[in-house]
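User: I would like to go through the terms used for this structure and see what stands behind each of them.

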Amino acid sequence: MIKIMIADDQELIRESLKVVLDMNPDMQVVALAENGRALLERMKANLPDVVLMDVRMPELDGVQATKIVKERWPQVRIIILTTFDDDEYIYNALKYGASGYLLKGASVQELSGAVRTVVSGGSMLNPQIVGKVVKLFSQMAQSNLSVETDAHGAEELSRTERRVAHYVGCGLSNKEIATQLSLSDGTVRNNLSSALSKLGLRDRTQLAIWAVQTGMAANGEEA
């Protein structure tokens, strides 16, 4: 049974999502929260597998709540639900470890499918949002980069190289990645160089775009 919590400041949306998701025989909504702070309190008593997180909430918004949840309970998957497809929200939600990002207009089938996908270790990104994130990284690089790679190179990546690529896609520096993975800066640099070589990419910005395009940036360390 997949345990789900829903955080949204609109009661009608919270209750509607609960009714819809509880209709799935493999899902159970275990708690509802009106904001990020209330969510954190409820998670102390009953840890869910997945959180459906609204972006704009009072007291503690969904982006900051995502950051705290992933710091305290990294195994919990988070799907951001919002009507706002703003670039900054998209980037920060992925940066802090959201496993998926859907607009509230998604169908019941898409929502249920997204929950099952992230629980199994995958990512769920609205196609429009993927395009925006890739565009953001491209703008950061001030150029239109190509990130075509062959499948063989991706298959050759070691677990550490894939984890480094994940954090590069989340926007972390080498020093921050070293802290996350308990590695030396030199080991991170070596794994980064090796990943770039195997994928045939020029620099870390191309790797970041590739990580977003493939969903690796949203998958978590298990990628």
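User: Which residue stands opposite Ile-6 in β3, and how do you know that β1 and β3 pair?

Analyst: Ile-6 stands opposite Leu-52 in β3. Strands are DSSP runs of E of at least two residues, and helices are runs of H or I of at least four, numbered from the N terminus. Two strands pair if DSSP finds at least two bridges between them; β1 (residues 2–7) and β3 have four, in the parallel sense. This is a predicted model, in which local features need pLDDT of at least 70, side-chain atom pairs count only at pLDDT 80 or more, and totals for chains, interfaces and linings use all residues. Residues are numbered from 1 along each chain as its sequence is written, and side-chain values use heavy atoms, with hydrogens and water left out.

User: What makes strand β3 largely enclosed?

Analyst: Buried means under 20% relative accessible area, exposed over 50% and partly exposed in between, with a 1.4 Å probe and protein chains only. Five of the five residues of β3 (residues 50–54) are buried, so the strand is largely enclosed by the rest of the structure. On one side these are Val-50, Leu-52 and Asp-54, and on the other Val-51 and Met-53.

User: Why does Glu-161 count as buried, and which residues is Glu-161 in contact with, leaving aside its neighbours within four places in sequence?

Analyst: Glu-161, in helix α8 (residues 159–169), has 5% relative accessibility and therefore counts as buried. Contact means heavy atoms within 4.5 Å; with those neighbours left aside, Glu-161 is in contact with Glu-156, Asn-191, Ser-194, Ala-195 and Lys-198.
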